[in-house]
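Here is a short briefing on one protein model. Keep the sequence and the 3D view open as you read.

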Amino acid sequence: GYPAKSERVNDIFYTLGSIKCIQKVTSNRENHAELGVDGGKESTVIRLFGEQGAKLVGVIIGKSKKNDEKMRAYVRLEGQDDVYLSQEYIPFISCDYGGYISERILPGEKANYENVSLISSLGELRFVKKGETFSLDSMPEGSKGDQKKIDDFLDKAVRLRISDILKADEASNIPFDTTLLLAKDTYVAYKVKLGRRDGKCFAAAAASFEYRGGEITISKNESEESLKKKEALLIARDSVEDFNGLNQGWVYEVDEEYLKFFETKPADFIEEESKDSSSQGKDAGNR
């Protein structure tokens, strides 16, 4: 029931619709396995169903054959014994469901965000964009932030990738005790709750439209500059509705490396030299 990417589904229809056959190869079903059209491991089977769930047609794409400098494939309709050789090469059709969904949860890149916060049992970490770079807010006195570590963390935070999908009721016993808050530069903010279960990391996401200027209306005498600003606001608002429409009711399994987020603390983003200087200062004071 998870929404598929329409362009990838359209690729299937386009591929099927473009199959043309130049030659009948056999009608003997004993040859089906050898040609890869028996529905086994060497077959790609695509079935189309009607609204009531009744199968309309099934197409089996089998092994390829190089003929006259062209790579063609054997094809057969389910329920029929006739096997044909295609006129042209048939593009590969992936049967990996991951290819038919958006791989990432959050849109854009790190540069599209203004601030990012991580809230866990260890407290809150807030990263704020200053110019082109992010820095850790409330950096301990006398410490210097490690820019590479900060950038690596934020890249991972923004580029959450989906490895599996659960319905919300399948994740009812997952404690979501860590939260990522990401504010974009277009009045759009995202809240990602992170949870752990059986050594795996899970995420649930929602978006909000943070514009507080009241209802967005456009008048007849609106200036071009004002129109552009309001258009950007409307696009941002619509993106929030689309995001929540896609993600509501779903929980995602993400890479196990995000388990580190539960234990992330300010000291993880301080340059080693700053840590050494700080400890030396303490030692000198003790002496």
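Helices (H or I, at least four residues) and strands (E, at least two) are DSSP runs, numbered from the N terminus. This is a predicted model, in which local features need pLDDT of at least 70, side-chain atom pairs count only at pLDDT 80 or more, and totals for chains, interfaces and linings use all residues. Residues are numbered from 1 along each chain as its sequence is written, and side-chain values use heavy atoms, with hydrogens and water left out.

**Two serines**

- Ser43 sits in the loop between α2 and β2.
- Ser43 counts as buried, at 13% relative accessibility. Buried means under 20% relative accessible area, exposed means over 50%, and partly exposed lies in between (1.4 Å probe, protein chains only).
- Leaving aside residues up to four places away in sequence, Ser43 touches Gly36, Val37, Asp38, Ile60 and Ile61. Contact means heavy atoms within 4.5 Å.
- Ser86 belongs to strand β5. Its relative accessibility is 1%, so Ser86 counts as buried.
- The contacts of Ser86 are Lys20, Cys21, Ile22, Arg72 and Ala73, again not counting residues up to four places away in sequence.

**Helix α4**

- Helix α4 covers residues 224–247, which makes 24 residues.
- From first C-alpha to last, α4 reaches 35 Å, close to the 34 Å expected at 1.5 Å a residue. The expected span is 1.5 Å times one less than the number of residues.
- Which residues of α4 are buried? They are Ser226, Lys230, Leu233, Ala236, Val240, Phe243 and Asn247.
- An α-helix has 3.6 residues a turn, so residues three or four places apart point the same way.
- Just after α4, Gly249 takes a positive phi of about 90 degrees.

**Salt bridges**

- Side chains of opposite charge can pair when their charged atoms come close.
- How many salt bridges does a search of the whole structure find? The search finds 21. A salt bridge is a side-chain nitrogen of Lys or Arg within 4 Å of a carboxyl oxygen of Asp or Glu.
- Arg8 pairs with Asp11, and their closest N and O atoms are 3.9 Å apart. Both lie in helix α1 (residues 6–17), three residues apart, so about one helical turn separates them.
- Arg8 is partly exposed, with a relative accessible area of 25%. Asp11 is partly exposed too, at 43%.
- Glu42 and Lys63 form a salt bridge at 3.7 Å, N to O. Glu42 lies in the loop between α2 (32–35) and β2 (44–49), and Lys63 in strand β3 (residues 55–67), so the pair ties together parts that are 21 residues apart in sequence.
- Lys63 is partly exposed, with a relative accessible area of 28%.
- Glu210 bridges to Arg212, with 3.2 Å between the closest N and O atoms. Glu210 is partly exposed at 34%, whereas Arg212 is exposed at 65%.
- Salt bridges also link Arg47, Lys55 and Glu78 in a network.

- Most residues other than glycine have a negative phi, and most peptide bonds are trans.
- Tyr187 has a positive phi, near 65 degrees. Tyr187 is in the loop between β10 (176–184) and β11, and is partly exposed at 44% relative accessible area.
- Asp198 is not a glycine either, yet its phi is positive, at about 55 degrees. Asp198 lies in the loop between β11 and β12, and at 72% relative accessibility counts as exposed.

- Gln80 lies in the loop between β4 (70–77) and β5 (83–86). Gln80 is partly exposed, with a relative accessible area of 39%.
- Gln80 and Ala203 are 123 residues apart in sequence. In space, their C-alpha atoms are 46 Å apart.
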